[in-house]
Amino acid sequence: MAGSGLFAEITDGDVFKYYADGEWKKSSSGKSVAIVNPTTRKTQYKVQACTQEEVNKVMEIAKTAQKQWAKTPLWKRAELLHKAAALLKEHKAPIAECLVKEIAKPAKDSVTEVVRSGDLVSYCAEEGVRILGEGKFLVSDSFPGNERTKYCLTSKIPLGVVLAIPPFNYPVNLAVSKIAPAIIAGNSLVLKPPTQGAVACLHMVHCFHLAGFPKGLINCITGKGSEIGDFLTMHPGVNCISFTGGDTGVAISKKAGMVPLQMELGGKDACIVLEDADLDLVAANIIKGGFSYSGQRCTAVKVVLAMESIADSLVEKVNAKVAKLTVGPPEENCDITPVVTESSANFIEGLVVDAKKKGATFCQEYKRDGNLIWPLLLDNVRPDMRIAWEEPFGPVLPVIRINTVEEGIHHCNASNFGLQGCVFTRDINKAILISDAMESGTIQINSAPARGPDHFPFQGLKDSGIGSQGVTNSINLMTKVKTTVINLPTPSYAMG
């Protein structure tokens with residue numbers, strides 16, 4: 001059970017503590033932030049409302065701890081990460097319970113997220129030892145006009161303090177995807193979890209605590225974004241920011257100054273369906289891509305662009321599968337569960353109302369009960385409808401009928417987003433040409449968009465982000481190159 005047994009020390013009464021300098025602490029503010037269960041719409045948990053002064057202390061602690069950690073051998077860093085990974089898997093049940101109650105993620109998927117996170121941490125430990133264990137050796141005479149009088153040695157060194165801000169939808173997995181690369185690279189870390197998902201993050205951090213990492217190396221500070229959000233992201237003690245979320249990331253990038261950024265900020269992932277596509281395969285992937293976790297995924301299918309000649313048949317197949325989706329509480333492993341907040345549900349409803357006013361075809365009756373929205377496919381959507389462009393982050397999926405491939409590519413590229421997309425066709429040559437033309441960070445051929453496996457590169461173009469994720473890319477982003485040049489008095493050639 002969350003906050004009990006091994007995790008009892010992370011609570012103070014009914015309020016969860018924050019983590020700094022290797023200890024679980026209460027905030028001096030005396031205030032807390034309520035976390036509302038999306039299913040019951042009642043307060044489920046409370047976390048500390050930390051102050052700006054506490055942020056200052058955490059940053060100073062993290063800076064000091066990083067200097068010592070940078071002297072820790074790679075094999076030792078990896079060993080501790082492997083311990084944390086094993087603890088995550090061992091204690092997956094209470095962490096998964098938090099995900100069910102904080103973000104209404106189906107119980108089975110919640111367990112999968114925690115196990116996947118453990119696997120990611122272990123993989124990162126191994127990959128980090130390989131990447132960081134190798135340097136580069138250059139000689140000067142490879143550049144015109146030079147004799148071999150200089151030897152250049154390069155290596156990767158840590159940046160310092162990494163600020164990690166994961167989103168609500170994968171609060172554990174997208175936290176460790178930032179923590180593990182930062183730690184193996186020799187950085188310290190300050191984690192600011194999302195409000196919804198904060199308690200799951202605190203449980204995850206306790207696994208790192210139990211693994212035996214040095215005090216101050218990993219810290220987790222909770223609170224209201226309005227009070228400590230900008231203060232954190234603009235703090236002079238931050239040397240790198242890794243953020244996954246929405247529009248807030250754009251504001252962060254404008255204020256961050258000369259700090260390396262890793263940003264993933266959402267998408268309007270397009271699914272282009274050609275006449276020769278396997279429509280049964282397409283329908284299955286539209287259901288998986290558009291409706292899993294109620295569409296609350298950056299890589300969800302957000303708009304279907306189907307050739308007119310096959311659109312009727314495709315819509316019929318998708319509707320048949322939508323009818324089989326189960327709707328209800330996450331504890332029962334339903335396919336469609338409540339969206340994360342009432343404001344999210346209201347936003348989704350606004351898109352639905354706009355589409356209805358402008359003549360979209362409703363393939364199902366729109367139905368809502370609190371935060372729970374039944375799955376809805378909208379056919380004959382036109383570009384003048386909000387749902388054609390805006391990211392609903394819910395179980396509502398628009399279908400736009402197109403007459404040419406170029407029309408589909410144009411709609412995809414006209415979006416301000418460019419995270420992922422997909423194309424369905426039996427012609428691999430066409431698939432490659434369309435993939436090259438689509439302005440998105442990743443294009444899936446004959447499969448729905450997806451982040452992962454977690455070692456694959458993951459990046460967005462345009463407003464979808466800055467930099468690239470994936471284990472290797474994250475390690476590289478959280479390091480910088482250090483060069484040492486040996487100057488010889490006379491040219492020297494091996495065997496010369």
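**Entry 1: the lining of the largest cavity**

I looked up which element gives the largest share of the lining of the largest cavity, and I found H5, with three residues. The model I am reading is a predicted one. I then asked for the volume of this largest cavity, which is about 120 Å³. Its lining has 16 residues. Closest to its centre are Ser177, Arg451, Asp454, Gln469 and Gly470. Two elements give two or more residues to this lining: H5 and helix H14 (471–477). My search of the whole structure turned up four cavities of 30 Å³ or more. I noted the general idea behind such a search: rolling a probe the size of a water molecule over the atoms shows where empty space is left.

**Entry 2: Ser177**

I picked Ser177 from the list of residues closest to the centre of the largest cavity. Where does Ser177 lie? I found it in helix H5, which covers residues 173–184. Is Ser177 buried or exposed? Its relative accessibility is 11%, so Ser177 counts as buried. The cut-off for buried is under 20%.

Next I checked what the side chain of Ser177 reaches. It comes to 3.1 Å from the backbone oxygen of Leu174. I also listed the contacts of Ser177, leaving aside neighbours within four places in sequence. They are Leu120, Gln469 and Ser474. Gln469 is also on the list of residues closest to the centre of the largest cavity.

**Entry 3: the largest pocket**

I moved from cavities to pockets. The largest pocket has a volume of about 1,100 Å³. I noted 38 lining residues. The ones closest to the pocket's centre are Phe168, Gly245, Gly246, Asp247 and Thr248. Which element gives the most to this lining? I found that H7 does, with five residues. Helix H7 spans 225–233. Strand S12 (240–244), helix H8 (248–255) and helix H11 (342–357) are also listed, and each of these elements supplies at least two residues.

**Entry 4: Arg297**

I turned to a residue in a loop. Arg297 lies between helix H9 (279–291) and strand S15 (303–307). Is Arg297 buried or exposed? Its relative accessible area is 9%, so I wrote down buried. I then looked up what Arg297 touches, not counting residues up to four places away in sequence. Among them are Asn169, Tyr170, Glu391, Phe393 and Pro449. Ser292 is on that list too. The side chains of Arg297 and Ser292 are joined by a polar contact of 3.2 Å. I also took a distance to Cys152, which is 145 residues from Arg297 along the chain. The C-alpha atoms of the two are separated by 45 Å.

**Entry 5: a sheet of three strands**

I traced an open sheet with the order S7-S8-S26 and antiparallel pairing. I followed strand S8 (residues 150–158) to S26 and found nine bridges, with the two strands running antiparallel.

**Entry 6: a sheet of four strands**

I went on to an open sheet with the order S1-S2-S6-S5, where the pairing is mixed. Strand S1 (11–12) and strand S5 (32–36) are the edge strands, each pairing on one side only. S1 pairs with strand S2 (residues 15–16) over two bridges, in the antiparallel sense. Thr11 has Phe16 in S2 as its bridge partner.

Then I looked for helices against this sheet. Helix H3 (residues 92–103) lies across S5 and strand S6 (43–48), running at about 110° to S6. Helix H6 (residues 198–211) packs on the sheet and touches S2, S5 and S6. The direction of H6 makes about 55° with that of S6.

**Entry 7: strand S10**

My last stop was strand S10, residues 188–191, which is covered on both faces. Ser188 and Val190 are buried on one side, and Leu189 and Leu191 are buried on the other. Strand S9 (residues 161–165) is joined to S10 by four bridges, and the two run parallel. Which residue of S10 is the bridge partner of Ala164? I found Leu191.

Technical notes. Residues are numbered from 1 along each chain as its sequence is written. This is a predicted model: local features need pLDDT of at least 70, side-chain atom pairs count only at pLDDT 80 or more; totals for chains, interfaces and linings use all residues. Side-chain values use heavy atoms; hydrogens and water are left out. Two strands pair if DSSP finds at least two bridges between them. Buried means under 20% relative accessible area, exposed over 50%, partly exposed in between (1.4 Å probe, protein chains only). A polar contact is a pair of N or O atoms within 3.5 Å; within protein, one must be able to donate a hydrogen and the other to accept it, and residues adjacent in sequence count only if both atoms are side-chain atoms. Contact means heavy atoms within 4.5 Å. On a 1 Å grid over the protein atoms alone, a cavity is a set of points where a 1.4 Å probe fits but cannot get out, and a pocket is an open set with protein on both sides within 12 Å along at least five of seven lines; lining residues have an atom within 4 Å of a point. Grid points are joined across faces, edges and corners, and a volume is the space filled by probe spheres set on the points. Axes are lines fitted to C-alpha atoms, for helices over the stretch in contact, and angles run from 0 to 180 degrees between N-to-C directions.
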